[in-house]
Amino acid sequence: MWTIAEQLSSDDRTRDCCITVVFSHAISCEKAAPPSSPVRFTVATRSQSSSGSFHHRPVRAWRHEAARDAAAASATTPHTPAKCTASGANDGCPLPHGSSCWNSHRKAIYISEEEEEEVFITVINSSSSEVISRRRGRGAASTTAAMASTAGSIIPCKAAVAWEAGKPLVIEQVEVAPPKAMEVRVKIKYTSLCHTDVYFWEAKACLLPLPRYLIILCTDSAGQTPLFPRIFGHEAAGIVESVGEGVKDLEVGDHVLPVFTGECKECAQCKSQESNICDLLRINTDRGVMIGDGNARFSKNGNPIYHFLGTSTFSEYTVIHVGCLAKIDKSAPLDKVCVLSCGISTGLGATLNVAKPKRGSTVAIFGLGAVGLAAAEGARIAGASRIIGVDLNPSRFEGAKKFGVTEFVNPKDHDRPVQEVIAEMTNGGVDRSVECTGNVKAMMSAFECVHDGWGVAVLVGVPNKDDMFMTKPVNLLNERTLRGTFFGNYKPRTDLPSVVDMYMKKQLEVEKFITHRVPFSDINKAFDYMLKGESLRCLVSMDE
Ligand code: NAD
Ligand code: ZN
């Protein structure tokens with residue numbers, strides 16, 4: 001459901017003029033005479049038949065009295081259409097010109113989803129009959145390509161801004177500039193919180209006392225370069241609002257999942273079958289601007305607000321490089337597949353694409369957050385016979401059973417290294433291990449708990465920048481393999497649609513990862529849930 005009012009520019013809303021709305025038969029209607037009645041509004045639609053030719057659907061008219069407007073503005077159910085007014089013909093079009101006059105700033109005209117087709121909006125001066133502007137608009141879920149009425153303009157919208165490290169985000173009115181070359185502006189419908197957001201939001205600054213007189217304000221305890229104000233968020237689902245110059249693969253209305261690591265499709269990495277680390281668009285946590293011109297697209301009172309991971313999805317609108325957007329099946333529910341845009345695909349791919357356990361094998365998963373549980377799901381899908389979950393938080397264990405985890409180890413319960421405990425449980429070590437904690441000690445344990453001769457350990461967690469991984473070289477000589485992965489080795493544009501398909505075919509369940517839901521205004525609660533270890537994924541609904 002959407003309103004014509006949403007499609008109009010602020011200029012249109014304040015003008016005292018007629019708004020003509022025409023569905024899908026612009027050519028004949030363009031020549032139509034301006035409407036005469038000031039309040040009647042008629043919508044003509046036509047849809048494409050299976051043979052490819054157009055046929056007209058009945059014309060419907062909605063009439064909204066001014067008194068109903070206030071209610072209409074917040075209404076969630078379509079208004080009952082008034083009786084059909086189809087009749088007459090002009091310029092070869094069998095329908096009436098499908099337009100009427102509407103004082104836009106006083107009326108809200110609702111178009112229900114089944115009526116969503118290409119819509120043409122013509123603004124006509126009611127006294128002179130002169131056409132002031134004419135452009136294509138469209139509904140949010142429309143399937144037909146058209147340029148949004150907001151294309152090319154700055155969009156004021158709400159965003160959750162992190163002004164300082166570790167301080168609650170503040171919902172602010174920000175301005176989002178139009179997309180430049182190879183960029184896309186996306187209306188975010190849902191976003192969720194991944195630990196990587198929390199980690200860079202925390203960005204605790206620290207004072208390093210050095211010998212004698214020297215005190216250095218270091219970047220931070222994690223070796224980050226804190227960048228604020230910043231809009232975080234990288235796990236999301238949205239709809240393309242407008243595209244910049246040179247964008248060919250996406251058009252307005254496409255459903256997309258933003259991804260923190262991109263795929264330019266042209267560099268050596270993108271051309272390699274073995275890599276998903278694009279030379280141009282690989283993850284860069286320090287960059288807070290667009291790659292094209294080095295500027296931010298977000299601002300408040302003329303001051304820039306920095307981007308995060310090229311995605312910044314904690315905003316109603318965001319601008320993203322086309323290479324960081326995977327186009328997905330429009331029938332996929334965005335409030336579910338949202339979580340496939342980072343954590344779940346990462347964990348799943350880490351197991352299926354990198355660790356590649358054989359049927360009947362034993363797999364250890366370190367960290368039973370959403371990423372780790374998705375890795376466990378991958379092990380279950382691959383037919384592992386034992387899946388050993390390792391976590392410091394025992395409250396994770398019960399829920400992890402739903403993800404196929406068969407045994408649990410809490411390192412705190414043992415007075416020797418957890419790798420020794422696991423080696424004992426598995427007669428020398430697991431066949432595969434996947435680390436999803438971000439803790440470097442857990443990374444070392446994950447490597448050292450794999451069986452010699454064939455064991456493969458995969459690191460997924462994002463460590464502190466200054467962390468050092470240490471192990472005895474003999475552990476490698478004994479034919480263990482250590483690997484790491486971003487985004488589960490999926491190439492985002494090429495492969496993510498197939499992960500969405502897995503969900504659509506019910507081969508992958510994503511619902512069980514979504515443990516909490518909050519409206520956008522309560523986004524800070526999502527941080528609390530994650531920090532307390534209560535949530536797997538908290539879905540943030542941007543429209544609430
Ligand atoms: P999460 O906070 O929900 O889960 C992490 C789990 O690890 C928690 O249950 C925690 O108790 C456990 N843990 C922490 N230290 C541990 C230790 N020493 N031993 C055992 N368990 C320990 O986080 P998440 O969203 O599931 O993300 C997991 C990690 O994956 C994070 O580091 C995140 O930054 C990273 N990540 C990496 C990629 C990638 O592409 N490589 C993508 C997304 C997330
Ligand atoms: Zn590339």
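1. Phe486 is located in the loop that runs between strand E26 (481-484) and helix H14 (492-504). The model is a predicted one, and in it Phe486 has a relative accessibility of 36%. Since buried means under 20% and exposed over 50%, with partly exposed in between, Phe486 is therefore classed as partly exposed. Together with Ile277 and Val462, Phe486 makes up a nonpolar patch on the surface. The accessible area of these residues together is about 200 Å².

2. Which atoms of ligand 1 lie 3.1 Å, 2.9 Å and 2.8 Å from polar atoms of Val371, Arg396 and Val460? With Val371, an oxygen atom of the ligand is 3.1 Å from a polar backbone atom. With Arg396, an oxygen atom of ligand 1 has a polar side-chain atom at 2.9 Å. With Val460, a nitrogen atom of ligand 1 has a backbone N or O atom at 2.8 Å. On its own, ligand 1 has 870 Å² of accessible area, and the protein covers 90% of this.

3. Is Val198 buried or exposed? Its relative accessible area is 0%, so Val198 is buried.

4. Most residues other than glycine have a negative phi, and most peptide bonds are trans. Phe228 and Pro229, however, are joined by a cis peptide bond, with omega at about -5°. Pro229 is placed in the loop between strand E14 (215-217) and strand E15 (235-243).

5. The loop between strand E18 (303-305) and strand E19 (317-321) holds Leu309, and Ser312 is found in the loop between E18 and E19 as well. Leu309, not a glycine, has a positive phi of about 55°. Ser312 is likewise not a glycine, and its phi is positive at about 40°. Ser312 has 0% relative accessibility and so counts as buried.

6. Across the whole structure, a search finds 21 salt bridges. One of them is formed by Asp543 and Lys189, whose side chains meet at 2.7 Å, N to O. Asp543 lies in the segment after strand E28 (537-541), while Lys189 belongs to strand E12 (residues 183-192), so this pair ties together parts that are 354 residues apart in sequence.

7. Glu164 counts as partly exposed because its relative accessibility is 44%, and Lys167 counts as partly exposed because its value is 42%. Another salt bridge brings together the side chains of Arg282 and Asp279, at 3.4 Å from N to O. Here Arg282 has 33% relative accessibility and so counts as partly exposed; Asp279, with a relative accessible area of 44%, is also partly exposed.

8. Finally, which residues are linked in a network of salt bridges? The members are Lys180, Glu183, Asp293 and Arg297.

Note on methods
Residues are numbered from 1 along each chain as its sequence is written. Chains are lettered from A and ligands numbered from 1 in the order in which they are written. This is a predicted model: local features need pLDDT of at least 70, side-chain atom pairs count only at pLDDT 80 or more; totals for chains, interfaces and linings use all residues. Side-chain values use heavy atoms; hydrogens and water are left out. Patches are made of residues with over 30% relative accessible area and no salt bridge: like charges are joined within 9 Å, nonpolar side chains (Val, Leu, Ile, Met, Phe, Trp, Tyr) within 5 Å. Accessible areas come from the Shrake-Rupley method with a 1.4 Å probe; for residues, only the protein chains shown count as cover. A salt bridge is a side-chain nitrogen of Lys or Arg within 4 Å of a carboxyl oxygen of Asp or Glu. Helices (H or I, at least four residues) and strands (E, at least two) are DSSP runs, numbered from the N terminus. Buried means under 20% relative accessible area, exposed over 50%, partly exposed in between (1.4 Å probe, protein chains only). A polar contact is a pair of N or O atoms within 3.5 Å; within protein, one must be able to donate a hydrogen and the other to accept it, and residues adjacent in sequence count only if both atoms are side-chain atoms.
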